[in-house]
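Work through the exercises below with the coordinates open. Each task is followed by a worked solution.

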Amino acid sequence: RESDHRAWTPVSYTVTRQNATVQGLTEGKAYFFRIAAENIIGMGPFTETTKEIVIRDPITVPDRPEDLEVKAVTKNSVTLTWNPPKYNGGSDITMYVLESRLIGKEKFHKVTKEKMLDRKYTVEGLKEGDTYEYRVSACNIVGQGKPSFCTKPITCKDEIAPPSLDLDFRDKLIVRVGEAFSLTGRYSGKPAPKVTWLKDDIVVKEDDRTKIKTTPTTLCLGILKSVREDSGKYCVTVENSTGSRKGFCQVNVVDRPSPPVGPVIFDEVHKDHMVVSWKPPLDDGGSEITNYIIEKKDAHRDLWMPVTSATVKTTCKIPKLLEGREYQIRIYAENLYGISDPLISDEMKAKDRFRVPDAPEQPIIKDVTKDSAVVVWNKPYDGGKPITNYIVEKKETMATRWVRVTKDPIFPSTQFKVPDLLEGCQYEFRVSAENEIGVGDPSPPSKPIFARDPIAKPSPPVNPEAVDKTKNSVDLSWQPPRHDGNGKIIGYLVEYQKVGDEEWKKANLTADSCPETKYKVTGLTEGLTYKFRVKAVNAAGESEPAYVPDPVEVKDRLEPPELILDANMAREQHVKAGDTLRLSAVIKGVPFPKVSWKKEDHEVSPKADIEVTGVGSKLEIRNTVHEDGGIYSLTVENPAGSKTVSVKVIVLDKPGPPRNLQISEVRSDSCYLTWMEPEDDGGSVITNYVVERKDVASAQWVAISSSSKKRSHMAKYLMEGTQYLFRVAAENQFGRGPYVETLKPIKAIDPLHPPGPPKNLHHVDVDKTEVSLVWNRPDRDGGAEITGYLVEYQEDGADEWTKFQTVPMLDCVVTGL
């Protein structure tokens, strides 16, 4: 049982030995135990432990300390350290005992006199040259445990340690010119090492800018206001009798580059550009050249102009020069750290040493066929370099783009047969010459040629005849020639001869003035007889003449006028407003009739364009309006008679404004609008009316009906007390006409009526000259607040009522009676 409990707990019933192990106890608690023997008859009395037993692990001496090491040795001392034992025996360590034994002796002697808990101890007062070994033991409450394993034999003499080196800088260091830098670190070693600084294997010496500082544990090399020459591989060496250590740092002191190396070489000089080259700087400033900056200057001006700052090559084209001017070029090198001083060239004049060839003279075209032509030219001046190629180009006359006729070189021949022409197209050709400098300007274009086979003169026209005549003209007609000579017929030449004369006169001077197979010969004399002949003309020349078989007597042939109406002269013509009205008719008659247009027996509008030709007449009115409608008549008249036709024109337009817009039946939330249809419906049935209203205080009109076919509308949903304007427009299939608007706003209020009579009038007091009256409010106020009551009195027997006064309240004292 636990010491603070009374109840016993059985541990085992089947123990036949004289011992037992009790498990499941709690560490730190106190217990009592009792034992009884048992046989077949029963259990005997218990025997109980006399005192409580506290449960804890058994305590032993500690294990041996671990890792006994010698940390330092001098000629008269040894410093040792160790770690605690893995197991303290179940009780805290109370002290350590350090022992030493002189080699050659048997016994260990205690070194520490005082109680020691530290795990580091320096044994002093030793004799130089003696050799010892050491061990350490741990003690706890039980006693002293086993000693540790012994150290190796240690001889008292000064310690030797090879140098160590711990640097604060990396393998590489970049410093800007003018800045300071330092290389620092820590070192150790026994005996004290010697510190040496080298730069590129040469010992560094102190001067005004170079400072070296060394303490027993630190080292430092500092350089003030660094220059490019401070770049190099720095090495620090730490050395003593046991060895040496080295540290390295590649220091790069960077600066802007030195100037590019001259002179500037002018590789090419032309009238408008130069090509120059130079050498890179001797010193790139410790950083790669990123680009060169090139500038140019007219030698007679002070302004430097930029050319480029983006080139990394040591050559550059200087463009946009003026021919004959002298120029200087200056070049800077640039790296990450700045721009060098410039390299400036000598002056150089912009002029061509060699140039492209001149433009050839205008080429000549020969041997033209339907798909080819031969271009011939003379050799131009070659510009100082031999011509290596000619470039022949073609273009259709109406086109703008020139096309090379072949990619193959043309040289030394100065003519070329151009293939692949399109038959009938008109072409021009030009030629350019090329040398090693480049391609020269093209020649002037050749004269245009048509791609077609060579042509001959055509055969004569066929079957010429006189088909009409007047008192001063004859109309001729014929068929084209049977053969056109492989050339297009340009036109015809018509000639006439008075009978009895020998000379033929030309009716037209050029063939292209008569391109068709008919011609009217004018300027003839009435009553005379003439002969006529016709020639066909192509590019090769005139054909033989073809003659009209019989002479023709010149006199008028009378035919009455005749009108052949076009579709737009039907009985009624509808035109939408804004469109163009066209009326036309074919007119016949000999002599050609006089033409006159009328609109309802008056002259037509000045905006009408009237055109009369030899075969008819046309009337045209653009942008028609409704007023252009009406009855138009066309009259033609000659000595043989006259003829008139009429057509009714209706111009369809939007309707006019509605008329007589009236507003009635005004209420607090509605009113009634009425109006009359427009005087002009635009030539089309009115489909609907659009009604809109507007609050006087608003700028916006609001539609209240857009589909009403009636000429009235009840405007609802008005705001009481608000003033409104209304407007109405008519619509037909051609659009919405203008609005008609109310002249003055109406106010949305109910109509006013006189109030009803006051009720229950009676007197409440009477005096000899006055009466006090009271009454009640009337049943109805007539739609507005009652503003007062008019009191009148009448003497008994009299006919007239006398007004006394108007009072605001429901009582009054009538005085003066």
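**Exercise 1: the surroundings of one arginine**

A polar contact of 2.8 Å links the side chain of Arg430 to that of Glu393. The model is a predicted one.

Task: determine which strand holds Arg430, and decide whether Arg430 is buried or exposed.

Solution. 
1. Arg430 lies in strand S36, which covers residues 426-435.
2. The relative accessibility of Arg430 is 19%.
3. The cut-off for buried is under 20%.
4. Arg430 therefore counts as buried.
5. Leaving out residues up to four places away in sequence, Arg430 touches Ile391, Val392 and Glu393, as well as Pro363 and Trp402.

**Exercise 2: the chain as a whole**

Task: state how many helices and strands the protein chain has, and decide whether the chain is more spread out or less spread out than a compact globule.

Solution. 
1. The protein chain has 70 strands and zero helices.
2. For 817 residues the globule rule gives 28 Å, whereas the radius of gyration is 67 Å, so the chain is more spread out than a compact globule.
3. The C-alpha trace spans about 180 × 145 × 85 Å along its principal axes.
4. Of the 817 residues, 36% count as buried.

Note on methods: Residues numbered from 1 in each chain as written. Predicted model: local features only at pLDDT ≥ 70, side-chain atom pairs only at ≥ 80, totals over all residues. Heavy atoms only, no water. Helix = DSSP H or I, 4+ residues; strand = E, 2+ residues; numbered from the N terminus. Buried < 20%, exposed > 50% of the residue type's maximum accessible area, 1.4 Å probe, protein only. Polar contact = N/O pair within 3.5 Å; in protein donor to acceptor, adjacent residues only side chain to side chain. Contact = heavy atoms within 4.5 Å. Rg over C-alpha atoms; globule rule 2.2 N^0.38 Å.
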